[in-house]
Amino acid sequence: MTRALSTPPVIPHGSLGGSPQPERGTPGGLEIRPWEDGDAPDFLAAYRDDEIRRWHTRRPSTETQVHGWFAACRRDWQREKGAHWAVARGGGSVLGRIALRGFDFDDGVADVAYWVVPGARGTGVASGALTVLTTWALREIGFHRLELDHSTRNAASCGVVTKCGYLLEGTKRSAAVHDGGRHDMHLHARVRDEGPVRSVMEGSLAGRTA
Ligand SMILES: CC(C)(COP(=O)(O)OP(=O)(O)OC[C@H]1O[C@@H](n2cnc3c(N)ncnc32)[C@H](O)[C@@H]1OP(=O)(O)O)[C@@H](O)C(=O)NCCC(=O)NCCS
């Protein structure tokens, strides 16, 4: 059904979901690709890590649940609701996850999400993947604004988004439930016309479409 809008959508509906979900690479040799069923053991293992459990309240506990999760990821893409990728290096095991969720094509807004497995942290995996995702979303797809919420107690996540040019806009008081109770949340956002961010420029040069 065609919706009567007084203003045209920022991104035309139907412009994304009919195409294959793209793959990308980073200057540091990371591969960003859609989840595959063979990633299920790595995905499940990641959610056994205390830090990932601490900051993600939705967690799979069996490989069957992971396969259901991957199927939902594929539906999200086809229905233009979100995009979910594995981050790996050289065809190896999964190092992390990067996602763009809550697609709002009318306003051109979406939110990002990520985690990195313990053994790969501190080596630029999250910031490298977020740089490439940001470039793709703002410059190729035409999103206008990307957001990330993180607990004010999650200093690592704050560092990742700040490094990628997502400005801190404020604190949402008592906005989310994590293990142990309610947390205040920082709201960060990167807006399309804020000018080049060095790491974003680097990511765009290295992009490749599958
Ligand atoms: C947050 C997380 C994704 C960071 O991944 P990462 O690949 O280690 O991050 P990067 O190496 O790209 O770090 C980018 C920047 O973040 C900051 N940072 C990373 N880890 C940090 C830490 N433990 N403490 C403080 N700052 C940190 C640094 O500023 C870093 O830049 P620098 O290396 O130039 O100093 C990872 O720690 C993780 O998966 N944590 C658990 C899950 C989670 O918190 N997800 C996000 C929920 S909102």
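**Figure 1. Contacts of Trp115 in the predicted model.** Apart from neighbours within four places in sequence, Trp115 is in contact with Trp35, Phe43, Ala46, Tyr47, Ile52, His56, Val94, Gly96 and Arg97. The structure shown here and in the other views is a predicted model.

Figure 2. In soluble globular proteins, nonpolar side chains tend to be buried together.

**Figure 3. The largest pocket, with a volume of about 1,100 Å³.** Two or more lining residues come from each of helix H2 (50-55), helix H3 (63-78), strand E4 (94-104), strand E5 (109-116), helix H4 (125-141), strand E6 (145-151), helix H5 (155-163) and strand E7 (167-178). E5 supplies the largest share of the lining, six residues. Sorted by class, the lining of this pocket holds 21 nonpolar, twelve polar and ten charged residues.

**Figure 4. Asn154, in the loop between E6 and H5.** A polar atom of the Asn154 side chain lies 3.1 Å from the backbone nitrogen of Ser157. Asn154 counts as buried because its relative accessibility is 12%, and the cut-off for buried is under 20%.

**Figure 5. Glu80, a residue with a positive phi.** Most residues other than glycine have a negative phi. Glu80 is not a glycine, yet its phi is about 55°. This residue is placed in the loop between H3 and strand E3 (83-89). With a relative accessibility of 14%, Glu80 counts as buried.

Figure 6. Ser174 is found in strand E7, one of the elements that give two or more residues to the lining of the largest pocket. Is Ser174 buried or partly exposed? Its relative accessible area is 36%, so Ser174 is partly exposed, a class that lies between the cut-offs of under 20% for buried and over 50% for exposed.

Definitions and conventions. Residues are numbered from 1 along each chain as its sequence is written. This is a predicted model: local features need pLDDT of at least 70, side-chain atom pairs count only at pLDDT 80 or more; totals for chains, interfaces and linings use all residues. Side-chain values use heavy atoms; hydrogens and water are left out. On a 1 Å grid over the protein atoms alone, a cavity is a set of points where a 1.4 Å probe fits but cannot get out, and a pocket is an open set with protein on both sides within 12 Å along at least five of seven lines; lining residues have an atom within 4 Å of a point. Grid points are joined across faces, edges and corners, and a volume is the space filled by probe spheres set on the points. Helices (H or I, at least four residues) and strands (E, at least two) are DSSP runs, numbered from the N terminus. Ala, Val, Leu, Ile, Met, Phe, Trp, Tyr, Cys and Pro count as nonpolar, Asp, Glu, Lys and Arg as charged, and the others, Gly among them, as polar. Contact means heavy atoms within 4.5 Å. Buried means under 20% relative accessible area, exposed over 50%, partly exposed in between (1.4 Å probe, protein chains only). A polar contact is a pair of N or O atoms within 3.5 Å; within protein, one must be able to donate a hydrogen and the other to accept it, and residues adjacent in sequence count only if both atoms are side-chain atoms.
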